[in-house]
Amino acid sequence: MHGLVTAAHVDHLHPESGIALATAADGEALTKQCFGGRVAWVPWRRPGFQLGLDVAAIQRANEDCIGVVLGGHGITAWGSSSRECEARSLEIIRGAERFIAERGRPEPFGAVLDGFEPLAEGARQRRAAALGTSCPDHFLRTKVRPMVLDLPPSTPLERVVERLRELHAAYREAYQAYYGRHASPDSPPMRGADPAIVLVPGIGSFSFGADKQTARVAGEFYEGAINAMRGAEALSSYAPIPESEKFRIEYWALEEAKLRRRPAPKPLAARVALVTGAGSGIGRAISERLAAEGACVVVADLDAGSASAVAGGIGDADAAVAVAADVSDEDQVADAVERATLAFGEVDLVVNNAGLSISKPLLETSAGDWDRQHDVMARGSFLVSREAARVMIAQGLGGDLVYVVSKNGVVAGPDNLAYGAAKADQAHQVRLLAAELGRHGIRVNGVNPDAVVRGSGIFAKGWGAQRAAVYGVPEEELGAFYAKRTLLGREVLPEHVAAAVLALVAGDLSRTTGLLVPVDAGAAAAFLR
């Protein structure tokens, strides 16, 4: 499209003001009024060799021409240097912005309707939504048109949900019909009929995608599309390219080739995981492994700084977010789950990992020691699972609850009453919840690690020293001591526990629930019978 222009530097852009001119019903006349002969008009033509010839011919025939407005598409500018090309691109963009501001109508979408404040939803705006986007860069990410809720914001939520389901079904039928109208025998298969953008009058827009980044970018592009529609309506009327041309772009062979070159989705693509106690040790390793396998991760920890450090290490807010939460507090748990759903749109994978341990003989164990451990592990897991189950049941998509339990929930050991009892409580929660939540498609499983010394937050905070004293070995040799007791003679690390969690949730064990997986390098006393 740009390769035949003889200038040394060429910019092809999709600015909102340029698309407004490009999609106006009388865009050619408006372009001439705005720029005179300095910027030329090129009628809509599908991107390709012929469009390149058209643009090159204009450049050769008009020495004073600095660029073109491509009908239904965007703008192209050229120059002898990168700086000159940039300056000319900005001249076109800013010139179009001034032209719209000076000549355009103040309320191009019409006046606000009663009951639909603060967003306008007049007849002109509904028409623009129905016509859909025009610029290929837009509708390749937003689909050719959005789904629009046709109820005012004062409508009861139950009715809104019911109507959205009706509109969703209608949208899918309409998209399938759109594909059927224009597909030829050699067209690529339909890529999905669900909307990428849903407009809710009085509230705003919601964007959807396979992951957070895709959804965010779709929303940003549709905001740009709205601004382009507003500019076109302000000057004239919005007139996008024909539907048949939109289809040819959406299912263009070159676009299909790009999609086919994408790597295969990772096992946890489109999953949203909430991991508690994720600021260090096993929780950190689980968060990092789930993210590496495609999940968006909410890193929850009592220590906000640790949670933020782990989330930041995983990536930006499209990949992971941090929340501070005390899992023994009902309100903080509810807030953490709500923040997770607001960050990523849902929660369908929860790992109950938060824990602590105090190693004392029975007669030295205080009621406070008992309560503290049961509050975090037994009560905390219950609260997190209950709040997560509310969301998963409402979503209707199933999900996974995974408990990080312990060998100590099965095997009795000295000076370990409160911790062992809390872990046994967690282990039975796995069985009880698997029995209760299966009808909702929610699988509940657990892992039983043992002696995860290196990298463990619990061992680093005193538990290691306490257990070393019990067994009469130096604390720095505790990991090797534990390894010698195992059938495999190997030390267990946080990443081994993370691998077991991944195995439970990645799809290969889709018919498994109520299972506790040992991650202990072989502890015969902990064999489940």
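Which residue lies over the face of Tyr-175, and at what distance from the ring centre? Lys-143 does, at 5.1 Å from the ring centre. The model is predicted. The protein chain has 529 residues, of which 49% count as buried.

**Overall build**

- The protein chain contains 18 helices and 14 strands.
- Its C-alpha trace spans about 95 × 55 × 45 Å along the principal axes.
- The accessible surface of the chain is about 24700 Å². Carbon and sulfur atoms supply 53% of that area.
- Consider the contacts in the chain with a separation of 6 or more: 69% of them join residues 24 or more positions apart.

**Aromatic pairs**

- A search of the whole structure turns up eight aromatic pairs.
- One of them is Tyr-175 with Tyr-178: the ring centres are 5.2 Å apart and the planes meet at 55°, so this pair is tilted.
- Both tyrosines sit in helix 7 (residues 157-182). They are three residues apart, so about one helical turn separates them.
- Tyr-175 is buried, at 3% relative accessibility. Tyr-178 is buried too, at 1%.
- Tyr-471 and Phe-481 form another tilted pair, with centres 5.2 Å apart and planes at 40°.
- This second pair links distant parts of the chain. Tyr-471 is in helix 16 (residues 457-471), Phe-481 is in helix 17 (residues 478-484), and 10 residues separate them.
- Tyr-471 is partly exposed, with a relative accessible area of 28%. Phe-481 is also partly exposed, at 23%.

**Charges over rings**

- Lys-143 is placed over the face of Tyr-175, a ring that also pairs with Tyr-178.
- Arg-141 lies over the face of Phe-221, 4.6 Å from the ring centre.

- Which residues does Val-444 contact, leaving aside its neighbours within four places in sequence? They are Leu-401, Tyr-403, Val-430, Leu-433, Ala-434, Leu-437, Thr-513, Gly-514 and Leu-515.

**Loops and positive phi**

- Asp-415 and Asn-416 are both in the loop between strand 12 and helix 15. Strand 12 covers 399-404 and helix 15 covers 417-437.
- Asp-415 has a positive phi, near 55°, in a residue other than glycine.
- Asp-415 is partly exposed, with a relative accessible area of 27%. Asn-416, by contrast, is buried at 6%.
- Leaving aside neighbours within four places in sequence, Asn-416 is in contact with Lys-360, Asn-408, Trp-463 and Arg-467.
- Ala-451 is not a glycine either, yet its phi is positive, at about 55°.
- Ala-451 is found in the loop between strand 13 (442-449) and helix 16.
- Is Ala-451 buried or exposed? Ala-451 is buried, with a relative accessible area of 13%.

**Cysteines**

- How many disulfides does a search of the whole structure find? The search finds zero.
- Cys-34 is in no disulfide. Its nearest cysteine sulfur, that of Cys-65, is 13 Å away.
- A disulfide needs the two sulfur atoms within 2.5 Å.
- Cys-65 is buried, with a relative accessible area of 3%.

Conventions: Residues numbered from 1 in each chain as written. Predicted model: local features only at pLDDT ≥ 70, side-chain atom pairs only at ≥ 80, totals over all residues. Heavy atoms only, no water. Buried < 20%, exposed > 50% of the residue type's maximum accessible area, 1.4 Å probe, protein only. Phe/Tyr/Trp six-rings, centres within 6.5 Å; stacked < 30°, edge-to-face > 60°. Helix = DSSP H or I, 4+ residues; strand = E, 2+ residues; numbered from the N terminus. Lys NZ or Arg CZ within 6 Å of the ring centre and 35° of its normal. Contact = heavy atoms within 4.5 Å. Areas by Shrake-Rupley, 256 points an atom, 1.4 Å probe, with all protein chains shown as cover.
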